[in-house]
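Keep the structure open beside you as you read.

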Amino acid sequence: MAEKILIVEDEAKLARFVELELKHEGYEVMTANNGRSGLELYESEKPDIILLDLMLPELNGIEVCRRIRKEDELVPIIMLTAKGEVMDKVTGLDNGADDYMTKPFAIEELLARIRVALKRSKNTIPAADNSDSLLKLKNITIDLSMRTVKVDKTEIELTKKEFDLLVYLVKNKNIVITREQILNQVWGYDYFGETNVVDVYIRYLRNKIDEKFGEKYIHTIRGVGYFAKDEN
Ligand code: CA
C-alpha cells in the first residue's frame with residue numbers, strides 16, 4: 001500500500017509542485033493550505049509522514065506540530081521553513097518535529113529525507129515488555145517499550161528527539177560520542193553541517209535532568225562530543 005503523505009503548506013505553487021513530485025514517486029498525497037485544515041486532515045487520514053510549513057494561516061506550524069505530538073509521538077514531521085528562520089527551526093524541533101528543510105530546497109533532498117524518516121519510523125517498533133526494554137544510568141530508568149524516563153520515582157517529560165538522544169547516550173554510557181555520531185544515529189543521516197542542533201538538544205536534556213536534579217549525568221569533552229557517565 002502506498003504511504004500517505006500530508007502536505008500542509010499555504011504557498012499554492014510550492015504545495016502543488018511537491019504534491020506532483022510525491023505522487024510521481026508513488027506516494028498517496030493530501031494537501032492542506034492552512035494549519036487548521038492540516039490538523040483535521042491529520043485526524044481523518046492518519047498520514048505516515050507530514051510536511052509542515054512553519055508560517056501558516058489560522059494555526060502556525062509549531063502549534064500544529066505540538067498538537068499532533070500530543071497524540072502521536074512517532075509520526076515523522078518535517079518542518080518547511082523560510083530562509084533565516086533559525087530560531088524557529090530550533091523551536092520547531094523542540095516541539096517535536098524530526099527534521100526541517102529550508103525553502104527553497106531541491107526536491108531530491110526532500111525525497112531523500114522522506115525516505116529516511118519513513119524508514120526510521122518503521123524501525124521504531126516498541127520493544128517487548130521485558131527487562132531488556134529497561135536502560136539505566138545512575139538513578140535514571142528509561143523504559144524503551146513505554147518510552148518513559150524516570151529519575152528515581154519522578155517521571156520526566158521529554159520530546160521524541162530528547163528521548164532518542166538520551167537513549168543513545170545511555171546505551172553508549174561511559175563512551176565519548178561525537179556530535180557527528182549523534183547526528184547519524186539520532187537524526188539518521190548527515191545533517192549538512194548544522195551540528196549545533198546536537199548542542200541545543202544536550203542543553204534541553206541538561207535543563208530537564210541534570211539541572212533539575214542537581215546531578216551531572218551528561219559530560220562534555222570539549223571539541224569532541226559528549227558522554228553519559230554512570231557510577232563506577
Ligand atoms: Ca507559509
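## Two hairpins in a row

β7 and β8 make a hairpin with four residues between them, and R147 in the turn has a positive phi of about 55 degrees. Helices (H or I, at least four residues) and strands (E, at least two) are DSSP runs, numbered from the N terminus. β7 and β8 run antiparallel and are joined by four bridges; two strands count as paired if DSSP finds at least two bridges between them. Look for D143, whose bridge partner in β8 is T148.

β8 also pairs with strand β9 (residues 154-156), again in the antiparallel sense, over three bridges. Here V149 stands opposite I156 in β9. β8 and β9 form a hairpin with two residues between them, and D152 in that turn has a positive phi of about 50 degrees.

## About the model

This is a predicted model, in which local features need pLDDT of at least 70 and side-chain atom pairs count only at pLDDT 80 or more, while totals for chains, interfaces and linings use all residues. Residues are numbered from 1 along each chain as its sequence is written, and side-chain values use heavy atoms, with hydrogens and water left out.

Two bridges link β10 and β12, and I177 has Y226 in β12 as its bridge partner.

## The nonpolar cores

Which residues have the most contacts inside the largest nonpolar core? They are I142, L169 and I182, in a core of 33 residues. A nonpolar core is a set of buried Ala, Val, Leu, Ile, Met, Phe, Trp, Tyr and Cys residues joined through side-chain atoms within 4.5 Å, where buried means under 20% relative accessible area (1.4 Å probe, protein chains only). Elements giving two or more residues to this core include β7 (140-143), β8 (148-151) and α6 (160-171). α8 gives the most, with eight residues.

Leaving aside its neighbours within four places in sequence, L169 is in contact (heavy atoms within 4.5 Å) with I177, I202, L205, I218, Y226, F227 and A228. Apart from this core lies another, of 20 residues, among them I50, I68, M79 and A97.

How values were computed. Buried < 20%, exposed > 50% of the residue type's maximum accessible area, 1.4 Å probe, protein only.
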